[in-house]
Amino acid sequence: MPELKRLHAGHAPAVLAFELANRAYFAASVSDRGDEFYDRFTDRFSALLAEQEAGICAFYVLVGEDGSILGRFNLYDLKDGTAELGYRVAQQVAGRGVATTTVRELCRLAAARHGLRTLRAGTSRENVASRKVLTKAGFVSVGPAGPADLGGKPGTWYQRDLTVQP
């Protein structure tokens, strides 16, 4: 059974392997991170850990039984009881409810561990799978998201009140 774990330094090799193995799959629905992301991965990963340590963000990975990363689930800009949610799952587990189940679990953790009351997430219009995940996890559409918010693609903002269970 996969386990949602808080990101730590030891996850770096598995996270890089996850990102590289799924790069083309991710680029089909979200903007590609570009070669610089992979070239500077070690620096970027260290920066993420520093942001997490400072309490600005909280990063999680879904770890398979074999130690591989099956997904990344992140809470950005934690402040005043709110945060933004971002996630991506490996192609090998897509379409099996893994993202929905893990987003629901992260919502529980966001409230219990991080004291959050509201999560927001944006997704492009063409990312039907992500829209379904958010809706199934209790998020509701709250308005348009501009291309600047979503890597050059128009979309929708979703929000979930964590004080109400779906």
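Thr 118 stands opposite Asp 161 in β7. The model is a predicted one, in which local features need pLDDT of at least 70, side-chain atom pairs count only at pLDDT 80 or more, and totals for chains, interfaces and linings use all residues. Residues are numbered from 1 along each chain as its sequence is written, and side-chain values use heavy atoms, with hydrogens and water left out.

First, some terms. Helices (H or I, at least four residues) and strands (E, at least two) are DSSP runs, numbered from the N terminus. Two strands pair if DSSP finds at least two bridges between them.

Let me turn to the sheet as a whole. It is an open sheet of 7 strands with mixed pairing, in the order β1-β2-β3-β4-β5-β7-β6. At the edges stand β1 (3-6) and β6, each with a single partner strand, so one side of each is left without a neighbour in the sheet. From one strand to the next, the twist averages 25°; angles run from 0 to 180 degrees between N-to-C directions, and axes are lines fitted to C-alpha atoms, for helices over the stretch in contact.

Now the strands at the β1 end. β1 and β2 run antiparallel and are joined by 4 bridges, with Glu 3 opposite Val 63 in β2. Helix α4 packs on the sheet, where it touches β1, β2 and β3, and its direction makes about 120° with that of β2. Contact here means heavy atoms within 4.5 Å. Helix α6 also packs on the sheet, touching β4, β5 and β7, with a direction at about 160° to that of β5.

How many residues of strand β3 are buried? In β3 (residues 69-79), 8 of the 11 residues are buried, so the strand is largely enclosed by the rest of the structure. Buried means under 20% relative accessible area, exposed over 50%, and partly exposed in between (1.4 Å probe, protein chains only). β3 pairs with β2 (residues 58-63) in the antiparallel sense over 6 bridges, and Leu 75 in β3 is the bridge partner of Ala 58. With β4 (residues 82-89), β3 pairs over 7 bridges, again in the antiparallel sense.

Two aspartates deserve a mention. Asp 77, in strand β3, has a positive phi near 55° and counts as partly exposed at 47% relative accessibility. Asp 80, in the loop between β3 and β4, has a positive phi of about 50° although it is not a glycine, and it is exposed, with a relative accessible area of 66%.

At the other end, β5 and β7 run antiparallel and are joined by 7 bridges. Of the 7 residues of β7 (residues 155-161), 5 are buried, so this strand too is largely enclosed by the rest of the structure. Its antiparallel link to β6 (residues 140-145) has 5 bridges.

Finally, the largest pocket. It is lined by 46 residues, of which Val 30, Gly 86, Tyr 87, Arg 88 and Asn 127 lie nearest its centre. A pocket is an open set of points on a 1 Å grid over the protein atoms alone, where a 1.4 Å probe fits, with protein on both sides within 12 Å along at least five of seven lines; lining residues have an atom within 4 Å of a point. Among the elements that each supply at least two residues of the lining are β3, β4 and α6 (128-136).
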